[in-house]
Amino acid sequence: MSAPPTEPAGSDFAPLHTEDGFAALGPQFFTRLAPTPLPSPYLVGVAPAAAALLGWDADIARQPGFVETFVGNRVPDWADPLASVYSGHQFGVWAGQLGDGRAIRLAEAATAAGPLEIQLKGAGMTPYSRMADGRAVLRSSIREYLCSEAMAALGIPTTRALAIVGSDAPVRRETIETAAVVTRLAPTFIRFGHFEHFAAHDDVASLRALADFVIDRFLPACRDDAQPYQALLREVTLRTADLVAQWQAVGFCHGVMNTDNMSILGLTIDYGPFGFLDAFDANHICNHSDNQGRYAYSQQPQIAFWNLHCLAQALLPLWRDPQAGEAGKEAAIAAARAALDPFRERYASAFFRLYRAKLGLRRLGERDEDDEPLLTSLFQLLHGQRVDYTLFWRHLSRISSADGSRDAPVRDLFLDRAAWDAWADQYRARLRAEQSDDAARAAAMLAVNPKYVLRNHLAETAIRHARDKDFSEVERLLAVLSRPFDEQPEAEAYAALPPDWAAGLEVSCSS
């Protein structure tokens, strides 16, 4: 298939002010290439909140050239398309060179809030595609589009999704599906794996250039540190700890926490076989391809820490003195450990802070651990009873601190009502000890416990409609998920327990 034409100067499609950014690092970091066109493209959806990041409104999709640009059929004059190279550990095993196998960065926009990369996922083969086809399918594109915007509305750091453009071009996965391109936005798509790549090739100059780029562009406070590269590792450690604590609190399972899927800025990135908890199972595995349960919900904090160790190993050459021999090696490792050490404390602090908010509690004592018995007994109860995670927190917000008169909605989620009653007595005693005001507490809890999350069956319903070219459910679901904490009487069905058929849904790495 021929390369897409360049958008002529003076195009009627809205131009962007762009800058060099990542592309200025040099050709060892990427390959310039144009997207591969798709036949007969059609618009599936545009996310208004993501469009606003570029200074656009949702009507931008009506402009001539929008669909052709964001499916990769036309390269506008403001674009500089490229695919970046990186490496990484996949399922705990070194995978060697990877890279943007189906994603092409279209441009880097200069916005009022800072740089924003525009990337087309599913835009065709690149030198890093290995044996893959470089395409994304409509199913997975809808899931990423919806979840990116849902996570942003939940206040969780994430890449964003501007639009989906579909095509009837066939793509083989487990079955024949149709192609789609989702436009992703992020300040940068740099991952842990970018650093691992240059470390693995002993290219310290490129490794240093990449670290300097991240520091100077996104984390300038690290430059003021006596050891800026160690400060970089420490900052990424803190951001990652905060991110995973937020995942756990909202019941989000990433599914493929490989080092090449970990953002250097602590963003949720690469939505593949993700899922939100329905029935609470601490050991829930959302990825059908994860046979060993490496990326189970309960393992996410530890895996994040493991991935940070891989990043630390990659960064070691930036502060290790090669002339200092074994002593220099030990000193470098000690410095890396010092940068990683804050992870556990930061994660625990964020975890307890988030869960106290979810419970509507003030801090009990001087230490976070003072809150642990109440939380531990709650998690054991939720796990043992397989209680719906999202509904539990929402209903808990409205119980009375005085008695069980308003317990019915939450109590009915438990098969063992006596077990709920026993825990609720402990919880109510705590509320009374704090002299908690029920109305104020309920308002605070409802503001942090979402009513709407992207459950798998909701995404699946939208996908099934979309296969028939009916995108109304994608649009409707996006609108609901953009207000996850609000009561939306017209959308009660989106907050209900999942139907029986949802138990049979599976997502895998092909998602």
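Me: Does helix 3 pass helix 16 in a left-handed or a right-handed crossing?
Reply: Helices here are DSSP runs of H or I with at least four residues, and strands are runs of E with at least two, numbered from the N terminus. A crossing is left-handed if the near helix is turned anticlockwise from the far one by less than a right angle, and right-handed if clockwise. In this predicted model, the crossing in which helix 3 passes helix 16 is right-handed.

Me: What is the mean pLDDT of the protein chain?
Reply: This is a predicted model in which local features need pLDDT of at least 70 and side-chain atom pairs count only at pLDDT 80 or more, while totals for chains, interfaces and linings use all residues. Residues are numbered from 1 along each chain as its sequence is written, and side-chain values use heavy atoms, with hydrogens and water left out. The pLDDT is the predictor's confidence in each residue, from 0 to 100. With 96% of its residues at 70 or more, the protein chain has a mean pLDDT of 94.

Me: At what angle do helix 3 and helix 16 pack?
Reply: Axes are lines fitted to C-alpha atoms, for helices over the stretch in contact, and angles run from 0 to 180 degrees between N-to-C directions. Angles under 35 degrees count as roughly parallel, over 145 as roughly antiparallel, 65 to 115 as roughly perpendicular and the rest as oblique. The axes of helix 3 (residues 138-153) and helix 16 (residues 472-481) lie 9 Å apart, and the packing angle is about 20°.

Me: How is helix 3 oriented to helix 16, roughly parallel or roughly perpendicular?
Reply: The contact involves residues including I142 and Y145 of helix 3, with V474 and L477 among those of helix 16. Their packing angle is about 20°, and helix 3 is therefore, in relation to helix 16, roughly parallel.

Me: Which residue in the turn of the hairpin formed by strand 4 and strand 5 has a positive phi?
Reply: Two strands pair if DSSP finds at least two bridges between them, and 3 bridges join strand 4 (residues 87-90) to strand 5 (residues 93-97), which run antiparallel. H89 stands opposite W94 in strand 5. The hairpin has 2 residues between its strands, and the turn residue with a positive phi of about 55° is F91.

Note on methods: Contact = heavy atoms within 4.5 Å.
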